[in-house]
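Please look at the sequence and the model before reading on.

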Amino acid sequence: MTATTPGNWKSELGEFLQARRAAVSPASAGLPDTGRRRVPGLRREELAALVGVSTDYYVRLEQGRGGRPSESLLDSIARVLLLDDTQRAHLYDLARPRPRRARRAVKERMPDVTRQFLETLTVPALVMTRTMQVIGWNPLACAVFTDYAARPEAERNSAWLLFLDEEIAARHRDWEASARGTVGILRKTAGEDPGNSRLAALVGELAVRSETFRRLWAEHHVFEKTTGVNLMRHPDVGDIDLSYIAWTTPGAPDQMLVTYLAEPGSKSAEALRILGSMAASYQGTGRGDVHTRRPARSEDETREQWPAQDV
């Protein structure tokens, strides 16, 4: 396996720097074109010169032997590597990890006020943890995505479902984009909370069972879920385009409430109306009874039936 799982911050810092360095062309960094290169992106000595350190020190930084780099150096590296705000924050998380303390994994639950608010919503809505675990839902979200109450707790995870469940893969018209964004969220969490045992277990399972997950994890892409569009394909009502907004609250900063909206008067809005009439058959905002389900197929089996380019 080529991708590291969360926990080894030195390896993750070096791999992140290498991945981002490979993504920056010499021209975009203001360097002259010297012809074809054996590997894409900037060379170590070029990046070192652009940020104003010796090549030897930068090599040691990528190897995890560079000590605690200064803020000015990290800012220079971020500038040369053309990092956006999310990537810049991730670089700081990896270069200056917070002290990790062993802690027992506990089941995360929604605050009562979040549950009460979720019950008032008339649009699909989910509550997720930083590891993409779905801990709250309303009936319309179950009608659109999956019946979370009928699934074992291990399957109530957006990343798990996207990579290891063929039915969920089939509902994403741009599966590759959804998968890359999902992995990016997990990468961001790994930088912020490297001692998260639940994340380590999830990444370990997905890396073993999914070649695509391993490839995307190795890219070191980071993503913060804020707003965007989900392009869905529902087996009962067809294509649905849903804009989403992710909300966080001071009372539960490690959880996000994600609401999904359809453009008024659109075919997607009509599809949601139809699904709303079906939503009464799904349980409400809490965890429902766990029912027996078929064993999940591996991601490789999933990809055979649902091609990654348009599922």
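The sections below treat helix packing, aromatic rings and charges over rings.

## Basis of the model

The structure is a predicted model, in which local features need pLDDT of at least 70 and side-chain atom pairs count only at pLDDT 80 or more, while totals for chains, interfaces and linings use all residues. Residues are numbered from 1 along each chain as its sequence is written, and side-chain values use heavy atoms, with hydrogens and water left out.

## Two pairs of packed helices

Two packed helices are described by the angle between their axes and the distance between the axes. Helices here are DSSP runs (H or I, at least four residues), numbered from the N terminus. Axes are lines fitted to C-alpha atoms over the stretch in contact, and angles run from 0 to 180 degrees between N-to-C directions.

Helix α2 (residues 44-51) packs against helix α3 (residues 55-62) at an angle of about 110°, the axes being 9 Å apart. The two helices are therefore roughly perpendicular, a term for angles of 65 to 115 degrees. In their contact (heavy atoms within 4.5 Å), Arg 44, Glu 45, Leu 47 and Ala 48 of α2 meet Thr 55, Tyr 58, Val 59 and Glu 62 of α3.

Helix α11 (residues 197-209) and helix α12 (residues 211-218) pack at about 120°, with axes 5 Å apart. Val 203, Leu 206, Ala 207, Val 208 and Arg 209 of α11 make the contact with Glu 211, Phe 213, Arg 214 and Trp 217 of α12.

## Aromatic rings

The structure holds six aromatic pairs, a pair being rings of Phe, Tyr or Trp (its six-membered ring) with centres within 6.5 Å. In one of them, Phe 163 and Trp 175 have ring centres 5.4 Å apart and planes at 80°, so the pair is edge-to-face (planes over 60 degrees apart). Phe 163 belongs to helix α8 (residues 158-164) and Trp 175 to helix α10 (residues 175-192), so the pair ties together parts 12 residues apart in sequence.

Phe 163 is buried, at 0% relative accessible area, and Trp 175 is likewise buried at 0%; buried means under 20% (1.4 Å probe, protein chains only). Ring pairs link Phe 163, Trp 175, Phe 213 and Trp 217 into a cluster.

## Charges over rings

Arg 187 lies over the face of Trp 217, at 3.8 Å from the ring centre. Lys 225 lies over the face of Tyr 244, at 4.0 Å from the ring centre. A charge sits over a ring if NZ of Lys or CZ of Arg is within 6 Å of the ring centre and within 35 degrees of the ring normal.

Definitions and conventions:
Phe/Tyr/Trp six-rings, centres within 6.5 Å; stacked < 30°, edge-to-face > 60°. Buried < 20%, exposed > 50% of the residue type's maximum accessible area, 1.4 Å probe, protein only. Parallel < 35°, antiparallel > 145°, perpendicular 65-115°, else oblique.
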